Amino acid sequence: MAKQDEFRLWAFGDAHVGTDSQFGRESLADAIRQSEQGGADGGPSFDWDIAVDVGDMSGAHHSLPDDTEGREVRRQLSVMRKHRREDVYSVCGNHDRSGLSEPDAWWWQKWIDPLGAHTAHSGVDAAARPYPVSGTWERYSFRVGNLLFLMLSDRNEPSQTIGRGTLGGNPGGVVSAETFEWWAKMVEQNRDSIIVTVHHYVLKDTTVASGEWEGVRRDSDGKLHEHYHRPFLEGTPQGASYLYWVGGKPDSGAFERYLTEHPGAVALWLAGHTHTNPDDSHGGKTHIEQAWGGTYFINVASLSRHHMPITTLPISRLLTFRQGSHEVRVQCYLHTDQHAAQGWYAPAERTLSLGKPFRW
């Protein structure tokens, strides 16, 4: 485990377990084994205290997540030897959503289960969490010293009935009005904390390809083309790569307005969704950018190698906080040797300066 004066947070997402399984690859289990034992291609093992999963455990695309994939996700999580299932804290991604005619996010609640409400299926024991959670499946929080994690899950937008396959909804990010209001209240009530927001999506115009029409390409004649995301003409493709819907309002700008009015109130925003290599800077934006007076946005995706064949490259991030320090070290781990040697990728490493020192 990590040194006593350090807290090491492993951030990953977009495992798309069902997709990689079709190619004989265990996207999630491979990454866990690499972290604990080292990789077959020379990547070193590394210590982590807890992990945050930014969503898209499922690879369902033109279909819905099902129990077969849920059981496979649980099996791959079970390869941990130095950690427990409860050391992984998750939010729901757009591929984890259930259909509009189904109970809201039933698959994710049943198999990922952050509150430990479905232990027989998920294996999550709420009492075994190293840092207890408080809230609902859609929005919950937990503390590590003076770090406050605000976990926001993606969900279907009921007003958008045509979009990604039979799922309904659309590729753009979604939270309910209640989740936004909870988030804003938590930020206001905890200004003495280092606030870390976790959602499947970044905000508009923050990291790689998170601008309007940057996730999906559009020709001058209006024809859409797959790029970072697959196009769905009636699924708000212009906002396919950022948190687009809040409280049923498209391109709402709710979070952006709040951060404009409260600069620096949120220290870190961890997300995924857009898969690409760590050197990418599409739209003039890299994987780690700062906006609104001090909020760092970090795209940590993805663990999958096969879900988006044009841009997907298996990576994750390790954030190291040190007792009494304002700085957090952010390292990038390459889980394959497609881009460079497996293991730590030094050109993508950053040291970020937070507004407050970390304290246990």
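Here, buried means under 20% relative accessible area, exposed means over 50%, and partly exposed is anything in between (1.4 Å probe, protein chains only). The model is predicted, so local features need pLDDT of at least 70 and side-chain atom pairs count only at pLDDT 80 or more, while totals for chains, interfaces and linings use all residues. Residues are numbered from 1 along each chain as its sequence is written, and side-chain values use heavy atoms, with hydrogens and water left out.

View 1. Helix 3 runs over residues 67-77, and its buried residues are E69, G70, V73, Q76 and L77. Helices (H or I, at least four residues) and strands (E, at least two) are DSSP runs, numbered from the N terminus.

**View 2. The start of helix 3.** Look here for D66: one of its side-chain oxygens comes to within 3.3 Å of the backbone nitrogen of T68.

**View 3. R84 with E86.** These two form a salt bridge, with the closest N and O atoms 3.1 Å apart; the term takes a side-chain nitrogen of Lys or Arg within 4 Å of a carboxyl oxygen of Asp or Glu. E86 is buried at 3% relative accessible area, whereas R84 is partly exposed at 45%.

**View 4. R230 with E226.** Another salt bridge, this one at 3.6 Å from N to O. R230 is partly exposed at 23% relative accessibility, and E226 is partly exposed at 25%.

**View 5. R329 with E349.** The side chains meet in a salt bridge at 2.7 Å, N to O. This pair links distant parts of the chain, 20 residues apart: R329 belongs to strand 17 (residues 327-334), and E349 lies in the loop between strand 18 (343-344) and strand 19 (350-353). R329 is partly exposed, with 38% relative accessible area, as is E349, with 30%.

**View 6. A salt-bridge network.** The structure holds 19 salt bridges.

**Setting for the close-ups.** The protein chain has seven helices and 19 strands. Of its 360 residues, 62% count as buried. Along its principal axes, the C-alpha trace spans about 55 × 50 × 40 Å.

Technical notes: Polar contact = N/O pair within 3.5 Å; in protein donor to acceptor, adjacent residues only side chain to side chain.
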